[in-house]
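Hi,

Here is the structure I promised to pass on. Have a look at it first, and my notes follow below.

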Amino acid sequence: AMLASLQAALASGEEFWTGEYRSARGDGSYAYVVNRARFVRNADGDLVRLVGAATDISQRKQTELALQESEIRYRTLFENANDTFAVVNLDRTVANINRAMEKLLGWSREELMGQDYYRVLTPAGIALSEERERRLQAGEKIPSIFEHDFLCKDGRTVPVEGRIRFIRDQAGTPIGFQGIYRDISERKLAAQKLQVERNFATQIMTTTGQGVVV
């Protein structure tokens, strides 16, 4: 690849060439090197020498590779997680959602990207989000976990437990947020069933004149 890049620069008549490649060290290991050089030609335009310097960029390259691997792991987790993920910009436009979010809401990623995040919230969910935002801007500490309902494409509502974290740039300035949500429909139904049973038991005990053993 390095030779091909060099030959292409020569054929194009360029004055300078920059190439990045792996170079063998004396101990048998390899270093990542970036070479910056200038083509020196005679009066007839023939190449007479190549003047340049090579810089060892192994540490930088290892950092880049580690970041790439970390990004791949994150994308794999994002796409295949059982919980639903949504990435939203500060202007409330949806930047990304994962497969679980698509399945939960019935909206495809393409349909929601660039749309207002409030499109998938019920009026109560919007009110809760605005209240949390107001309190955050006022400097209050609020619970990281909360509950609200999502509004699905077919009009159904789904109760979820959510957790939000800010996404920040290199300077630490918030540029958006990531929401992680879990469908708690079964938990809500179980709680409602238990409450009905308790109400029924209370009604029996208060309306009967006989002792009741529970």
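Let me start with one histidine. Leaving aside neighbours within four places in sequence, H148 is in contact with Y117, L121, G125, L128, V158, P159, V160 and Y181, where contact means heavy atoms within 4.5 Å. H148 sits in strand β6 and counts as buried because its relative accessibility is 8%; buried means under 20% relative accessible area, with a 1.4 Å probe and protein chains only.

Before going further, please note that this is a predicted model: local features need pLDDT of at least 70 and side-chain atom pairs count only at pLDDT 80 or more, while totals for chains, interfaces and linings use all residues. Residues are numbered from 1 along each chain as its sequence is written, and side-chain values use heavy atoms, with hydrogens and water left out.

The overall picture
The chain has 6 helices and 8 strands (DSSP runs numbered from the N terminus: H or I of at least four residues for helices, E of at least two for strands). Along the sequence they follow the pattern α-β-β-β-α-β-β-α-α-α-β-β-β-α. Of the 214 residues, 27% count as buried. Among contacts between residues at least 6 apart in sequence, 34% join residues at least 24 apart.

The cores
The largest nonpolar core has 20 residues, and M101, L105, L112, Y117, V120, F150 and Y181 touch the most other members. Such a core is a set of buried Ala, Val, Leu, Ile, Met, Phe, Trp, Tyr and Cys residues joined through side-chain atoms within 4.5 Å. Two or more residues each come from β4 (84-89), β5 (94-97), α3 (99-105), β6 (145-151), β7 (157-168) and β8 (174-183). Of these, α3 gives the most, with 3 residues. A second, separate core of 8 residues includes A9, W17, Y21 and A31.

Y117 touches V88, R92, V94, H148, F150, F177 and Y181, not counting residues up to four places away in sequence.

The lining of the largest pocket
A pocket here is an open set of points on a 1 Å grid over the protein atoms alone, where a 1.4 Å probe fits, with protein on both sides within 12 Å along at least five of seven lines; lining residues have an atom within 4 Å of a point. The largest pocket is lined by 19 residues, with E133, L136, I164, F166 and F177 nearest its centre. Two or more lining residues each come from α5 (123-137), β6, β7 and β8, and α5 has the largest share, 5 residues.

Best wishes

Notes: Buried means under 20% relative accessible area, exposed over 50%, partly exposed in between (1.4 Å probe, protein chains only).
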